[in-house]
Amino acid sequence: MKILFIVNPISGGINKEPFIKEAKSKCKKYGIHYQIFKTTGTDDEKHLEEVLSRFRPDKVASVGGDGTTLFTAIAVMKKDIPMGIIPLGSANGMAAELSVNPEPSKALEDLIMSEVFAGLDMLVVNEKYYSIHIGDVGINANIVDAYDKDKNRGMTTYAKYFIEELKKLTPFKINIKANGKTYLENGLMLGICNSRKYGTGVPLNLDGNPMDGIFEIIVVENINLNSLIKMGLSKFDKSFHDNQNGILISTDEAEILFDQPRLLQLDGEVIGEFEKLKINMIKGAVKLITHQENAYLT
Ligand SMILES: Nc1ncnc2c1ncn2[C@@H]1O[C@H](COP(=O)(O)OP(=O)(O)OP(=O)(O)O)[C@@H](O)[C@H]1O
C-alpha cells in the first residue's frame, strides 16, 4: 500500500513534526510506502497534481484543518483516490461531523486499517468554487472575514465578531429557485449546507447529511439577539440554533439572486462578492475512508 500525506504546516498553529515522525514510523513498521506533501499556501494544486500522478497513492491523508480537507478532497475526487482526515486544524468541524477520531494517531490507524469507504457529496458554486461543509452569505461570511484578520482565534473571538455583526443587521432580499419553485425571502443570512455545523460547533442545519445527494438552503430571517447575549458566550454555540428562525429548502441544485453583490464564504474561506449563485451538487464525489461507526452511514 502507498499513502500520500498532505500536510498543512500552519493549520491550527500546531507543529506537525511529531505527527509526521509517528506516521513515518508506523508506515515503516507495516511496510507501507509513503510520501509527505507539505502545502505552502500558493500554487499547491498544480504541485499536488504532479505528485499524485507520479506517486499514485492508494490512500491520501489530509493532515490539517477544514481548509486542508477541502483542498485534498478537490484534488483526489478527480482521480478517484480514497482520502481520510487527520484532524490537526484549529476547529476541525468537518472531521468531527464525519466521525473522525479526534486523536490524530487513532485517526491514522483508522485510515490505514479501514476498508470502509463512503461517497461524500461536493457542492459546486458558480461552476468554480467547491464546498463539502457549509457556506453562507450575510452575517457569518462577514464574521469570518473579520475573524481572519484578527490574530486571536477561538470561540470567544468568533463570538465577539458575531455580536458586533448582529448589531449592524438589516435583512436583504433573496430570490431562490429550487425544486421548480421560486422563493422570495427577506433574510439576515443564507446558509448553503452540505452538513450540519460550523467548525466552531454552531449548528446551522440539523437535517444535513453530506452523503445523501442533497443539500439544504437555509434563510435565517431573524435571530433573538437579546436571548443569545443573555445565555452568555460559553453557551453561544448551543443556543444559536434555538434562537434563529427562517426557512429550509432541501434540493440538489439551486439558483440564488441577491439585491446586490454580497460576501460569500465556503468552508471557512471568504470567496468574494456575488449577486448570483448557481449551486450544483456532485453526489458521492469524494471517496472517503471512514468506519462503520460513522452515523451518516446508517
Ligand atoms: N505553508 C503554508 N503557509 C501559509 N498558509 C498555508 C500554508 N499551507 C496552507 N495554507 C493555507 O491554510 C489554509 C487552510 O488551513 P486549514 O483550514 O486547514 O487550517 P485551520 O484554519 O487552522 O483549521 P480549521 O479550518 O479547522 O479552523 C488555506 O487558506 C491555505 O491556503
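**View 1. Strand 1 and its parallel neighbours.** Strand 1 and strand 2 (residues 33–38) pair in the parallel sense over 6 bridges, where two strands count as paired if DSSP finds at least two bridges between them. Helices (H or I, at least four residues) and strands (E, at least two) are DSSP runs, numbered from the N terminus. The model shown in this and the following views is predicted, so that local features need pLDDT of at least 70 and side-chain atom pairs count only at pLDDT 80 or more, whereas totals for chains, interfaces and linings use all residues. Residues are numbered from 1 along each chain as its sequence is written. Because 5 of the 6 residues of strand 1 (residues 2–7) are buried, strand 1 is largely enclosed by the rest of the structure. A residue is called buried if 20 or more other C-beta atoms lie within 10 Å of its own, exposed if 12 or fewer, and partly exposed in between, with C-beta atoms placed from the backbone.

**View 2. The shell around the ligand.** The ligand is surrounded by 20 residues, of which the closest are Ser11, Gly41, Gly65, Gly67 and Gly89; a residue is near a molecule or strand if its C-beta atom, placed from the backbone, lies within 6 Å of it. By class, this shell holds 3 nonpolar, 15 polar and 2 charged residues, where Ala, Val, Leu, Ile, Met, Phe, Trp, Tyr, Cys and Pro count as nonpolar, Asp, Glu, Lys and Arg as charged, and the others, Gly among them, as polar. Helix 3 (residues 66–77) gives the most to the shell, with 3 residues. Domain 1 (2–113) and domain 2 (129–281) each provide at least three residues of the shell.

**View 3. The contact between the two domains.** The domain assignment of the protein gives domain 1 (2–113) and domain 2 (129–281), with bounds that come from an automatic or database domain assignment. The contact takes 11 residues from domain 1 and 14 residues from domain 2, two residues being in contact if their C-beta atoms, placed from the backbone, lie within 7 Å. On the side of domain 1 that touches domain 2, helix 3 and helix 4 (93–97) each supply at least two residues, and helix 3 gives the most, with 5 residues. The residues on this side of domain 1 divide into 5 nonpolar, 4 polar and 2 charged.

**View 4. Strand 5 with strands 14 and 6.** Strand 5 and strand 14 pair in the antiparallel sense over 9 bridges, and the partner of valine 125 in strand 14 is isoleucine 279. Strand 5 is joined to strand 6 (residues 129–131) by 3 bridges, and these two strands run antiparallel; in strand 6, serine 131 is the bridge partner of leucine 123. The hairpin of strand 5 and strand 6 has 3 residues between the strands, and in this hairpin asparagine 126 takes a positive phi near 50 degrees. Valine 116, which is found in strand 5 (residues 116–125), has 14 other C-beta atoms within 10 Å and is therefore partly exposed. The C-alpha atoms of valine 116 and threonine 290, 174 residues apart along the chain, are separated by 5.5 Å. Not counting residues up to four places away in sequence, valine 116 touches Thr290, His291 and Gln292.

**View 5. Two loop residues with positive phi.** Most residues other than glycine have a negative phi. Asparagine 179, although not a glycine, has a positive phi of about 55 degrees and is found in the loop between strand 8 (172–178) and strand 9 (181–187). With 12 other C-beta atoms within 10 Å, asparagine 179 is exposed. Aspartate 267, in the loop between strand 13 (253–266) and strand 14 (269–290), has a positive phi near 50 degrees, and is buried, with 26 other C-beta atoms within 10 Å.
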